[in-house]
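Morning, everyone. Please look at the sequence and the model on the screen, and then I'll walk you through them.

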Amino acid sequence: MVELCVAGKIKADNGFKPGTFGEIEKMMHDKLLGCGINAHPHIEYRLKYLKNKYNVINKMLEHDSGFAWDEDKKMVICEKTIYDGWVKVNSCDFFFILS
């Protein structure tokens, strides 16, 4: 997707236009012979999954939630009690390994 955006073939400002996933599928088949990945369902569902996880992380990092981004480890950090409380209020299937 990044490669297509950089090349100017697609724009992702307001979502992808019809045919974008087909273009990505074609590129993957050219680079990964026999990969068996199709635009629908593989690429579409993967993008939906990643958007969901991005939104969860974005929500965690809002304002003074107690969550923070660790730039060195490239991960969300917080106290276990804050995380436990957040999971109770925000029922989702996104969990972090807390150290």
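One definition before we start: a helix here is a DSSP run of H or I with at least four residues, numbered from the N terminus. Keep that in mind for K26 and D30, which both lie in helix α2, four residues apart, or about one turn of the helix. That pair forms a salt bridge, with the closest N and O atoms 3.4 Å apart. And please remember that this is a predicted model.

Now the overall layout. The protein chain has four helices and two strands. Along the sequence, the order is α-α-α-β-β-α. How much of the chain is buried? Of its 99 residues, 18% are buried. The accessible surface is about 7,800 Å², and carbon and sulfur atoms account for 57% of that. On contacts, take the ones between residues at least 6 apart in sequence. Of these, 21% join residues at least 24 apart.

In soluble globular proteins, nonpolar side chains tend to be buried together. Which residues make up the largest nonpolar core here? There are seven: L4, I10, F21, I24, A39, I43 and L47. Two elements give two or more residues each, α2 (20-31) and α3 (39-60). The largest share, three residues, comes from α3.

Leaving out residues up to four places away in sequence, A39 touches F21, G22, E25 and E44.

Let's stay with α2. This helix has twelve residues. From first C-alpha to last, α2 reaches 17 Å, close to the 16 Å expected at 1.5 Å a residue. Which residues of α2 are buried? They are T20, F21 and I24. Seen down the axis of α2, the buried residues fall within an arc of 95 degrees, so they line one face of the helix. What do they pack against? The buried residues of α2 pack against α1 (2-6) and α3.

On to charges. The structure holds three salt bridges. In another, the side chains of K80 and D84 meet at 3.2 Å, N to O. Why are K80 and D84 about one helical turn apart? Because they sit four residues apart in helix α4, residues 80-89. An α-helix has 3.6 residues a turn, so residues three or four places apart point the same way. Is D84 exposed or partly exposed? D84 has 30% relative accessibility, so it counts as partly exposed.

K74 also forms a salt bridge, this time with E71, and the closest N and O atoms are 2.4 Å apart. E71 counts as partly exposed because its relative accessibility is 48%, and the cut-off for exposed is over 50%.

Where is K74? It lies in the loop between β1 (68-70) and β2 (75-77). K74 has a positive phi of about 55 degrees, although it is not a glycine.

Last item: a peptide bond. H40 and P41 are joined by a cis peptide bond, with omega about 15 degrees. Which helix holds P41? That is α3, the helix that gives the largest share of the seven-residue core.

That's my tour. Over to you.

Key
Residues are numbered from 1 along each chain as its sequence is written. This is a predicted model: local features need pLDDT of at least 70, side-chain atom pairs count only at pLDDT 80 or more; totals for chains, interfaces and linings use all residues. Side-chain values use heavy atoms; hydrogens and water are left out. A nonpolar core is a set of buried Ala, Val, Leu, Ile, Met, Phe, Trp, Tyr and Cys residues joined through side-chain atoms within 4.5 Å. Buried means under 20% relative accessible area, exposed over 50%, partly exposed in between (1.4 Å probe, protein chains only). Contact means heavy atoms within 4.5 Å. Accessible areas come from the Shrake-Rupley method with a 1.4 Å probe; for residues, only the protein chains shown count as cover. The expected span of a helix is 1.5 Å times one less than its number of residues. The arc is that of the directions from the helix axis to the C-beta atoms. A salt bridge is a side-chain nitrogen of Lys or Arg within 4 Å of a carboxyl oxygen of Asp or Glu.
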